[in-house]
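Please look over the sequence and the model before reading on.

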Amino acid sequence: MAEMGSKGVTAGKIASNVQKKLTRAQEKVLQKLGKADETKDEQFEQCVQNFNKQLTEGTRLQKDLRTYLASVKAMHEASKKLNECLQEVYEPDWPGRDEASKIAENNDLLWMDYHQKLVDQALLTMDTYLGQFPDIKSRIAKRGRKLVDYDSARHHYESLQTAKKKDEAKIAKAEEELIKAQKVFEEMNVDLQEELPSLWNSRVGFYVNTFQSIAGLEENFHKEMSKLNQNLNDVLISLEKQHGSNTFTVKAQPSDNAPAKGNKSPSPPPDGSPAATPEIRVNHEPEPAGAATPGAALPKSPSQSSLPAVVVETFSATVNGTVESGSGAGRLDLPPGFMFKVQAQHDYTATDTDELQLKAGDVVLVIPFQNPEEQDEGWLMGVKESDWNQHKELEKCRGVFPENFTERVQ
């Protein structure tokens with residue numbers, strides 16, 4: 001019996017909600033046709049316009065801030081690669097090698113610290129600021145529905161009062177419903193009338209704090225980076241002074257009878273010998289016999305190799321056992337156009353229908369945009385690996401996501 005009673009209450013509630021929707025729809029039709037007056041509040045409508053403007057501006061700021069963070073991350077990677085290149089060309093016997101290595105390490109740490117502080121002091125604050133808008137937006141919509149209920153109850157009460165044949169019982173019930181609808185509406189209206197102006201005024205302080213934080217962090221970052229660059233410049237000046245010029249003398253190879261000097265660069269052959277032109281190699285590491293070196297030139301035609309033409313062609317398109325093609329052909333387990341994989345480092349809540357919803361740990365297969373001109377800076381196109389493995393359908397599963405929320409894993 002208790003179960004039946006529970007079901008009865010639920011069914012009654014559903015019926016009541018359906019009736020409310022029908023009544024609201026009828027009321028709105030009458031208002032649009034001019035057959036029923038509509039309660040207006042111009043001051044509140046102005047507050048709603050301000051709210052929508054504030055939400056649009058905040059959403060844009062959030063997107064641009066994420067693009068800025070993606071740019072910082074890209075600059076970090078570029079700076080790191082540049083320093084790695086310096087370490088590779090900096091010969092072991094040159095003075096200042098250890099100092100240059102330490103500067104590169106501090107450079108990397110400084111970029112990481114800058115990016116993390118931007119996330120903590122700007123992006124997370126931005127997310128918190130925007131986090132209050134969905135609830136208020138929902139309450140504004142609910143207030144609109146309650147206003148329609150109030151107008152409908154008011155019109156019903158007025159029609160009963162002006163009827164030729166009055167029914168006092170119906171009039172009393174209609175009055176009771178009107179008072180109830182008015183109370184519900186006014187409670188919501190009063191709260192929003194207080195909150196919306198306060199939220200609108202808070203934008204000034206938020207913008208000031210956000211951009212002050214970004215400006216302060218960037219200023220300190222450039223100050224510290226300037227010190228590192230000055231230190232690196234001093235190291236390079238010392239190197240230049242020690243060698244006296246930009247031309248480095250290559251010492252002669254010691255003869256069999258002379259003691260070795262320990263120099264690492266081979267001397268050139270005597271003038272006029274067949275080997276007078278030095279050999280140029282891309283890979284300076286010793287190569288195991290028979291190993292394919294990525295820096296080595298691949299055969300261009302069967303006449304230049306003892307391998308059959310089909311083998312040469314296959315080898316030219318294949319490195320380390322995987323086809324390196326922009327379209328992803330040959331990788332049947334991956335979506336067309338697959339480029340690389342990334343893993344979400346933070347949760348990301350999609351704010352539009354074309355975005356991916358990410359949880360920390362999700363693996364995403366990155367694919368190119370169908371129209372490269374539609375790609376915004378700092379955003380990638382991809383499909384979650386779990387969705388691809390389950391559906392194998394790009395149209396339903398793919399979407400864009402912010403690159404700085406992820407880390408490349410393959």
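The model is predicted, so local features need pLDDT of at least 70 and side-chain atom pairs count only at pLDDT 80 or more, while totals for chains, interfaces and linings use all residues. Residues are numbered from 1 along each chain as its sequence is written, and side-chain values use heavy atoms, with hydrogens and water left out.

**Helices α3 and α5**

- Helix α3 (residues 97-131) and helix α5 (residues 168-243) have axes that come within 10 Å and cross at roughly 175°, where axes are lines fitted to C-alpha atoms, for helices over the stretch in contact, and angles run from 0 to 180 degrees between N-to-C directions.
- The two helices α3 and α5 are therefore roughly antiparallel to each other, a term used for angles over 145 degrees.
- Helices are DSSP runs of H or I with at least four residues, and strands are runs of E with at least two, numbered from the N terminus.
- Helix α3 bends by about 35° at Val119, and α5 bends by about 25° at Arg203, the bend being the angle between axes fitted to the seven residues ending at a residue and the seven starting there.

**The sheet**

- An open sheet of five strands runs in the order β6-β5-β4-β3-β7 with antiparallel pairing, and two strands pair if DSSP finds at least two bridges between them.
- The edge strands, β6 (399-402) and β7 (406-408), each pair on one side only.
- Strand β3 (residues 340-344) pairs with strand β4 (residues 363-367) in the antiparallel sense over four bridges, and Gln343 has Val363 in β4 as its bridge partner.

How values were computed:
Parallel < 35°, antiparallel > 145°, perpendicular 65-115°, else oblique.
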